[in-house]
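Here are a few notes to read alongside the structure. Take them one at a time, and keep the 3D view open as you go.

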Amino acid sequence: LVLFTAFSLVGELRPEMPTIYFFLYAVFFAFYAYLQSEPRFGYAATAFLPLAVIKLSEALNFEKWIFLLIVLAVLYYAAGYLLRRNRTAAGWDEMLLYSGLGLGVLTSVSAAFEGGLDASIPVAIAATLFAAEGFARRNVWWALPANLLYLSSYFMILLQLNVEEPQFYSIGAALLGM
């Protein structure tokens, strides 16, 4: 029922009502996850909050909503990182960490369609989240998505600057490979 109403609210022409409903859904699922002591329900809260932020940006005629989403992704990741570091909330830390990383990736994908030179900034921030996670876990495999996102950000910058020489593209790939 919630998914059905969420899909119907996304297509709503006036963004005020969906903003309120998405915020209420986020608060409800966060409270429900807390009461049930089940971090998996927290994913619903961390999914509805970005939808509310997008609709709020639409209501305020703020076109650069990808920056708000990447700030939200950093906040999710930072909260999860602090919980993991303090070892106070088992399960909640991973939910927040993965929510931040997932939101960072989704924001990076949507930033590629935004256009403009500043659209590469959220992609680089998402890459930094993956690099930080790889460093925290001492696992080199986390560098793969970080490198892909850094390379994507670099290519977005080159495309926006209308650089057509192939050596600029190969230099960036070689630097990330090193």
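**Notes on some helices**

1. Let's begin with helix α7, which covers residues 143–160 and so has 18 residues. From its first C-alpha to its last it reaches 25 Å, close to the 26 Å expected at 1.5 Å a residue. Please keep in mind that you are looking at a predicted model.

2. Next, look at which side chains of α7 are hidden. Ala146, Leu149, Leu151, Ser153, Met156 and Leu158 are buried in this helix. Following α7 comes Asn162, which has a positive phi, near 60°.

3. Ser153 deserves a visit of its own. This residue of helix α7 has a relative accessible area of 6%, and because buried means under 20%, Ser153 counts as buried. Setting aside neighbours within four places in sequence, Ser153 is in contact with Ser120, Val123 and Ala124.

4. Now move on to Phe168, found in helix α8 (residues 166–177). Is Phe168 buried or partly exposed? Its relative accessibility is 36%, so Phe168 counts as partly exposed. Beyond the neighbours within four places in sequence, its contacts are Tyr154, Leu158 and Val163.

5. With 18 residues at 1.5 Å a residue, α3 should span 26 Å, and its end C-alpha atoms are 26 Å apart, which agrees. After α3 comes Asn61, where phi is positive, near 55°.

6. What is buried in α3? The buried residues are Gly42, Ala45, Thr46, Phe48, Pro50, Ala52, Val53, Lys55 and Ser57. Their cover includes α1 (2–10), α2 (16–36), α4 (65–86) and α5 (92–114).

7. Finally, take a closer look at α2 beside α3. The two helices pack at an angle of about 160°, with their axes 8 Å apart. Angles over 145 degrees count as roughly antiparallel, and α2 and α3 are therefore roughly antiparallel to each other. Their crossing is left-handed. On the α2 side the contact is made by Pro18, Thr19, Phe22, Phe23, Tyr25, Ala26, Phe29, Ala30 and Ala33. On the α3 side it is made by Gly42, Ala44, Ala45, Phe48, Leu49, Leu51, Ala52, Lys55 and Leu56. Sorted by class, this contact has 15 nonpolar, two polar and one charged residues.

Note on methods:
Residues numbered from 1 in each chain as written. Predicted model: local features only at pLDDT ≥ 70, side-chain atom pairs only at ≥ 80, totals over all residues. Heavy atoms only, no water. Helix = DSSP H or I, 4+ residues; strand = E, 2+ residues; numbered from the N terminus. Expected span 1.5 Å × (residues − 1). Buried < 20%, exposed > 50% of the residue type's maximum accessible area, 1.4 Å probe, protein only. Contact = heavy atoms within 4.5 Å. Axes fitted to C-alpha atoms, helices over the stretch in contact; angles between N-to-C directions. Parallel < 35°, antiparallel > 145°, perpendicular 65-115°, else oblique. Left-handed = near helix turned anticlockwise from the far one by under 90°. Nonpolar A, V, L, I, M, F, W, Y, C, P; charged D, E, K, R; others polar.
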